Structures are given as C-alpha cells and as structure tokens.
Protein chains: 2
Amino acid sequence: MHRIVLSLIAILFAATSIYANESDPKPDITEFTLDNGLRLVVIPDRRAPVVTHMAWYKVGSADDPQGSSGLAHFFEHLMFKGTSNYPPGEFSSAVSAIGGQENAFTSWDYTAYYQKVSPSALPDMMKYEADRMQNLTVTEEVFLPERDVILEERSGRVDRSPGAILGEFSRAALHVNHPYSIPIIGWEHEIAKLKMEDALAFYKRWYQPWNVIVVVAGDVDPQETLKMAKETYGKLVATEEPIERKWTSSPRHVVAQTLEYKDERVTQPSWQRAFLVPSYTIAEEGEAEALDILSAIMGGSATSRFQQEIVLEQGLATSAGAYYQGSSRDMTSFGFYGTPRGDTKLEDLASAIEAQVDKLLEEGVSQEELDRAREAYLKTIIYSQDSQVTLARIFGSVLTIGGSVEDFTSWPERLRKVTVEDVNKVARKYLDRNRSITSRLLPKEG
Amino acid sequence: MHRIVLSLIAILFAATSIYANESDPKPDITEFTLDNGLRLVVIPDRRAPVVTHMAWYKVGSADDPQGSSGLAHFFEHLMFKGTSNYPPGEFSSAVSAIGGQENAFTSWDYTAYYQKVSPSALPDMMKYEADRMQNLTVTEEVFLPERDVILEERSGRVDRSPGAILGEFSRAALHVNHPYSIPIIGWEHEIAKLKMEDALAFYKRWYQPWNVIVVVAGDVDPQETLKMAKETYGKLVATEEPIERKWTSSPRHVVAQTLEYKDERVTQPSWQRAFLVPSYTIAEEGEAEALDILSAIMGGSATSRFQQEIVLEQGLATSAGAYYQGSSRDMTSFGFYGTPRGDTKLEDLASAIEAQVDKLLEEGVSQEELDRAREAYLKTIIYSQDSQVTLARIFGSVLTIGGSVEDFTSWPERLRKVTVEDVNKVARKYLDRNRSITSRLLPKEG
C-alpha cells in the first residue's frame, strides 16, 4: 500500500488551500496528549456524517533494523491478522459491515492505519485500534505465509516495473549511508530472511502509546472524542520507554552519478535528475518554501518553463516536470524529469532540460513568473481539498515528521513571503549538476 | 595506515611463488589453538635472525556499528596509547630500543598489529601484545585529541586526494547495502561524533582471545613459540562470548552506474570500471582462480592485452590495467582502469577499453594467451617473495578472512587447473557492462 505515500506531496499541496487566503478562518483544530503520551488531534469537518480515524506511528522503513529491511512495512500486513482479543478479520468486518473503508500505508518516516466510518462507529474503531497496538497475535503460522505474500507483492511492484527497479538504485545513490536508501517494502533478499522474532521485537519497540498520533477528522466534538480516546487508548500502558529515532546521515555529495537501466519491457524511456535538499522539517527558514515555488516555476503546471519550452515549443517531450518532496523528516529530493516524445533521443531531451536549468542558474526567475507560479500553485490546491481522508493525512504526516499544526497553518503565509532572491538562492545552492543523481531508463536493444 | 591494505593483493600474488613449483617443498607451517580460542600460526624462516610477530583481529571496518564508521580503524591509534600495566610509549620504546619495527593496518575484514624484531625479543612482544588486548587505558583525555588526529588523517588522505574522494563514492555504489560501502577510516561526519563509550564497547566486543590469530614468521621453533604464547596469550580469559560477524549484503546489481568527479586539483584524468564479483572466500570452485588469470590476461603485465593494444599500439594511455581483489571475506571487485596519454579524451580511452572487453566477451581468450599470462604472473611472483613481513601478512590475511593454510598452499595448483573455458565463463558471467560501476576523474573546467 505504500505507493500511496509517493503522491502525498501532491495531496499536501492540494489541501493547503483551505488556508490559502489569510482572511479565511483557521480550522478549529484541537490537540490533546493522554497520560501515556499518545497524542490526539481532532479536526472538525461537518460537511457530512462521516469520520476519519487514523493512527500514525512514528516509525517507518527508515527505522528498519540494519539488514532487516521491510520490517516496518510488514506490519501493514500483520496488523490485520487478529489479536488475543479479536480473531483475524473481525476489525475489518466491523468496518465493512457499516459500509466503511479502511487502509494502511508505510513511508520511510511513518506507518499509519485508518478507517472512514459513520461517527457512531468511532468508539469501536478506537477500541480495535488500541487493541491491536499491544495485543497482536503473531505466530509462525501467520508470519511465514505473510512473508511470501510480501515477496509476491514486491515482485509485482518492483520486479515487474523497470522504472521501480531503477528507482531503487537511484534512491540508494541519492541517500548514500542514510536509511532512506532502503526500499520501503525492503530488499528482496532481506525480506526473505525476516524472522518472527524480529517482528515481535520491532512491535514491542515501536508500537507504544507514546509513539502514536491519533488523528480524527469529521463530524465529531473534540471533547467527546477525547473522552472516547481516554476510554480506549487511554487505558494502554507503555511496555517500553520512549526512545529517540536514530538515523545515519549522508556525506555531502561531491560526485555526479548517472544510473542507466535497460529492460526489454520499457516502452517509454525516461530521464530524471535528483538533488539532495533539505525537507521542510530540517530546512533553514524559507528555503523549503522557495524550493516549492521553484519546482512550480520550472515544472509544476501548464505555464511552467518545462511545459512551455520543452513540451510545447520544442516538442521534445510528452511530459517534463519538476518536483520537491518537501514532506520528509530528513534530507529529501528535488528533481527534474521528462519523457521523450516519439523518436526524440533521451540525450536530446536531457540537454533541453539541462539548458533550462543552466538558464535558471544564470538568469534567475522573474517576479512576474514567481507570482504566476505561486498563484497557479495555490489555485491547483483549491480544486482538490474535498477529501476528509486527505485532510487527516496532511495533519498526520506533518505531525509525525516533526511539524506542528501551526507549522502547517502558517504555510501559505510563508509561501507568500518567498522572494525572487529566495528562489534564485536555493536554485544556485542546491541545483549543482556535479552533485546530482541522474537516472536513465531505456529499452534493451536487440 | 590502511592504505597498505590496498596493495595486499599484489603482495599476496608476490609471495605465492614459494610454492609455484609443485616439486618445491611445502613450508613447514604449524598451527595451534590455545584453550581460550586464540590461534597461533608459526612459519619457519631461518634466513636471518629475525622474527615477525603479528596479531590479527577478525574485526575490521565492515564491523563498525551503523553510524559509527571509523571505529575499527580508531584502534590502530588507541592500541598505542598505553595500558593499565604499561605507560604510553613503553611498548614502542621496547621495539625501537632493539632496532625493531612495528606497524598496524586496518581493512574492511581485519585489523592487525605487528613487530619485526630479533627472536630473543619475541616473549616481550607477546607479553605487550597480550596485555593491550585487554588492558588498554582509554580516557577522554586520550580519546578526544586522537579523534582530531584521525580527522586530520582523513583530511590528508581523502580530502586532499581527488581520486580518493571519487573512490569513496564509487565504492559505496558498488557495495550498496553492504558494509564494504563504508570508508575504512570512516565518514568524516561520523568520525567527528565517535564517543569513547562506543570505542570501549567495540574493544570489549572484539578484542578477545577467540578473535585473534597470532602469526609468527622467522627464526623460531614452533614448540618454543607455543610455549611462549601459552605463557602470555594463554593467560588471557575471554570476557565476552564469541559471536558471529553479521554483515548485510548487496542486492544483485542490475543498473549501470557512472560516477564523475571534477576537481581543479586533477592533473591526470582517469577512468575505471568495477564489477561486483565473488572473492576467493566465497567463490564457486575455480571461479576466483579464473578471475585472477583473466585480470592477468587483460591487464596484469607487459604482455597483457591492454598494455599491448591500448598503451603501446594505439598509444591512448600512459597506463591501462585490470585487477581482481580476490583476497576478501565477501563480494569484491574486478575492474579495468586507464589513464589517458596527452590530449587523449577520457571517452576515447574508455571506448578502447570497452572494445577490448567486447572482444574478450565475443571471442574469448586463447590457450596460448592463458599459458603466457599465467607464467608471467607466476614469474612476477618469484621476484618479490623476499620479505618475512609479507609472508606473515599473507597467512594472516588468508586465515583471517576464512581461508586455511591448505587453501593457500594449494593455490598455485588450482591456478594451473584453470582452462580457457573457465576464463571465458567468468568473463561472460561477471563482466556485464549493464551492471558495472564506472568512475570518471576529471579536471574542473574554468
């Protein structure tokens, strides 16, 4: 289920528009912390009699023990396998019986579980969710077949996808000596060796009340929600002391790397270049916002430079864009990508993108361009804020990676403060070709 | 001191010639294991009244705890800092007072300490060496300044050497998800954070009698040497149980990677391509021997293909060669390299090397060529076997990475069994450009 996470950035932008105008009322978000350390965030959304209940664990694949990649993601499966109190399937049946939805997702930074149900079912959801935080039944009979399921899942997602195969190695190159170098689902040879004991130790270490943020968005009252949470989550007693997440970090990149993967299944070649940049969580003031605007100017919309110049004017690409994965707990990536049109050579498309980047570094961006990109960016947002699940996801992810509600609500204001100089400065600081990771996906010849 | 290790392969080859003719007497090597698990290997060498005494620890930089790279190498420094029984400098003074020599070296696989002295000093050497295995004095006053010394050492070796800077990233790419990806001396930002407590825990974990192989080469009697060892090393009691060294392993390479580093200090560009291949320790029968012969045919001597074709005939390179780092505990590298002559472009030299490799893969090698390369290889060996320290190093390294005395003494015979088919088979199996790591070192323009 982890692919969902990859589009979180888009979602994150998408939902921001609820605060895009400074005159708009801020949402009346309420935060609580229970005695056992569990945090509860209630986001009112009374448009419909629906509630989204999410449990966010501050543990993700970057916390996989060395050599045991895939363990965090493994819980996306195990958490649906029943507990000492409820048999496998009972929780899921309770959700589907009332027409609800449920899902789970894992990123490098977190693991989350959620249900979207009618408000009257919320106490039950909390009961089940709190229960499986501590009472999961994991036996060899459950664990070993699930490991095969996950290997098959990996095979389908990675081995059958040339782009994903290349992506794993590109990621490893960008995040050298950092746990973000590891695939969320795990390296195949390490998944195959995961042991039940490893899973149990991981569960005991991280599935603790002090490591959870429960987000409730919907047609609910904060105080009543708190009362429910106290009666369910509040009764949990931590069995381990809180610990700090410790990750290794990358040395400063000083080498340009190019990765090329050829596969007979590739029908559409593609080109990508990534740069290691700070995320919102760790960036110096204003830099992350400037990187966001920069990505919008270069490749974020129909009026972006790439779209105008490379796709429309030069006709070299069917698509070309830029991205900034700002929502991350540690160093992250800023990148450019493109897919050549027709017989265009990958090198020619790459040269066109490089020429645009060179021009950016030499001439910078204009005020007009910045304003237009920022407005387009905020407009895009307005049209995609309708989902309650999205709303809950935004707050869950922001809080889990170390941000605050205020960090998020003040974001549009901070975006408005970005100047031409800010954008040009981050471009020149971070977009150094001699420190970039380039990925080339090509069909295999003959 | 770890650079020494990089030339071990050459030394290893060099000393083999003592058994190059099957009719030669095998050396009368004696092995003992003390009750505490310490192994003792005695190699008679009565050419001069000299003895080389080496302590080989089965721990190296690949055993550095995650995020604490440089710890194994740190002991190369700490082990000279005095113990609870002898003040700093006393051991070294004892060596120099009798005109002896001492040194130490760290690789990914091991750490070793040695002295070359007169035979009468051997009991004292054992006394001091055994003492510092368990009684090292490590205080903040010793540790912190030494950390600065090591950072300065790193600065001199890596930061001031463009080739070394590129080499670190190339190595990380080749050994993705494996501890061989880590520099022996450590990543700068991790060395800077090493703590005395980490060093003490590492010392307690690995500096134990069961983790040591003592190699004594020289004008000594095996039984007398054993008696001395019992009276010194034999009195040590392990304070930790033996444990297995656990390393992560790389996923199978399926992506071609090119790394490029430009630095204004580069006066001589260079090109290198590495392939991940099995070492002698883990290779299937005959494969490592075939890889050795292959490297000799392609680039090991004056009659090699690269030398004849690229250096002499085409005049494209001042040097071009091939290497196989067979002496390693886990997956290792086979590679090609070259330095362009005069104004030759790096790409043109790369193309010439690639053309030679393509020809090899298409046409294979001939019996005549194999015989000539093998003989040249064995001859080179004969002229460089004179060092007692080298002899001791060979056995120390072979035994430390998991080989046996017999593995080593039978090596020339195994090399003689290599066939044309064996060589062609390993070439085609491992030298796949689409899974290689290419490094380009270039001067920085303008």
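The legends below describe several close-up views of a predicted model with chains A and B.

Residues are numbered from 1 along each chain as its sequence is written, while chains are lettered from A and ligands numbered from 1 in the order in which they are written. In this predicted model, local features need pLDDT of at least 70 and side-chain atom pairs count only at pLDDT 80 or more, whereas totals for chains, interfaces and linings use all residues.

**View 1. Confidence along chain A.** The predictor's confidence in each residue, called pLDDT and running from 0 to 100, has a mean of 91 in chain A, where 92% of the residues reach 70 or more. Over residues 1-20 of chain A, however, pLDDT stays under 50, and for this stretch the model has 50 contacts beyond four places in sequence; two residues are in contact if their C-beta atoms, placed from the backbone, lie within 7 Å. The model scores ipTM 0.89 and pTM 0.91.

**View 2. The axis between the two copies.**

**View 3. The surface where the chains meet.** On the side of chain A that touches chain B, the elements giving two or more residues are helix H7 (162-174), helix H8 (188-191) and strand E7 (256-263); helices (H or I, at least four residues) and strands (E, at least two) are DSSP runs, numbered from the N terminus. E7(A) gives the most to this side, with seven residues. Because 100% of the interface residues of chain A are also interface residues in chain B, the copies meet through the same surface.

**View 4. Strand E7 of each chain.** E7(A) and strand E7 (residues 256-263) of chain B pair in the antiparallel sense over five bridges, where pairing requires that DSSP finds at least two bridges between two strands. Within E7(B), Glu260(B) is the bridge partner of Ala256(A).

**View 5. Around Ile293(B).** Not counting residues up to four places away in sequence, Ile293(B) touches Leu370(B), Ala373(B), Arg374(B), Leu415(B), Val418(B) and Val423(B).
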